[in-house]
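Thanks for coming, everyone. Let me put the model up, and then I'll walk you through one part of it.

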Amino acid sequence: MTSLSNETMNADQSAASCPDGSPQQRADAQRNREHLLISAAATFTAQGPRVSMQRIAQEAGVGIGTLYRHFPDRTALLAALGHRAYQAVLQLAQASRAAESDPFLALRRFLLGTLDHREVLVLPLHGAPVTASPADMALRRAISAELEQILQVGQQSGTLRRDVNATDVIVFGAMLAQTLPNFPNPERAAERVAQIFIDGLRVSASALPGQPVSRAEMERTFADSQKAGLD
């Protein structure tokens, strides 16, 4: 469990009570907010999306009032965690495409990077509620676009099968990031499975079952899920 010092929490309270506080107060409040997000993401990942706000505050080493000052309810906290996760995935996709001209190496970098970001990924495909803010939808589209550009390099060169799309990569990344309790050396197992997936992207005589799921289909499913949760 991580904790915040009394001095820092007092600065946070001053900034929260005075929106026009000093730059130092605002900086302290921002650091405290980031601390809460890091701790909350780890707690959600370890204990599941139903974990209580009280438990999240305990794991962060703060009082429940401090947590609610930053996030007025559970929905606001989950929305902030989801947005932060989408930003991390987009940065990972961009960095992978920039670092590797070979699409297979770029995809491998991206997939293995999801393991390093495992505790950040509080997202719908990891069991978190769907968020439908315009900002999050834009991030999801941007992630898909980055991955599609990586795939297209291989598809246009004739080395990567054409019946695969960005959603296939996203789904596998979500599956790969799941923890494997009671399994020896889970990180090595994840690396092996990722390589099997990468090799499976190479042009083959076999056909994949069905059609790939599009980004638009994913968004419709997310919208239906969110609507069902409100009913």
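Start with the lining of the largest cavity: helix 5 (74-99), helix 6 (103-116), helix 7 (134-157), helix 8 and helix 10 (215-230) each supply at least two residues. Helices here are DSSP runs of H or I, at least four residues, numbered from the N terminus. A cavity is a set of points on a 1 Å grid over the protein atoms alone where a 1.4 Å probe fits but cannot get out, and lining residues have an atom within 4 Å of a point.

Some ground rules. This is a predicted model: local features need pLDDT of at least 70, side-chain atom pairs count only at pLDDT 80 or more, and totals for chains, interfaces and linings use all residues. Residues are numbered from 1 along each chain as its sequence is written, and side-chain values use heavy atoms, with hydrogens and water left out.

How big is the largest cavity? Its volume is about 240 Å³, counted as the space filled by probe spheres set on the grid points, which are joined across faces, edges and corners. The lining has 17 residues, and Tyr86, Val89, Leu123, Leu125 and Ile170 lie nearest the centre.

Now helix 8, residues 166-176. Eight of its eleven residues are buried, so the rest of the structure largely encloses it. Buried means under 20% relative accessible area, exposed over 50%, partly exposed in between (1.4 Å probe, protein chains only). Ile170 is one of the buried residues, and so is Phe172.

Last, the loop between helix 8 and helix 9 (186-200). Asn182 sits there. Its phi is near 65°, positive in a residue other than glycine. Asn182 is exposed, at 82% relative accessibility. Asn185 is in that loop too, and is partly exposed at 48%.

Terms used: On a 1 Å grid over the protein atoms alone, a cavity is a set of points where a 1.4 Å probe fits but cannot get out, and a pocket is an open set with protein on both sides within 12 Å along at least five of seven lines; lining residues have an atom within 4 Å of a point.
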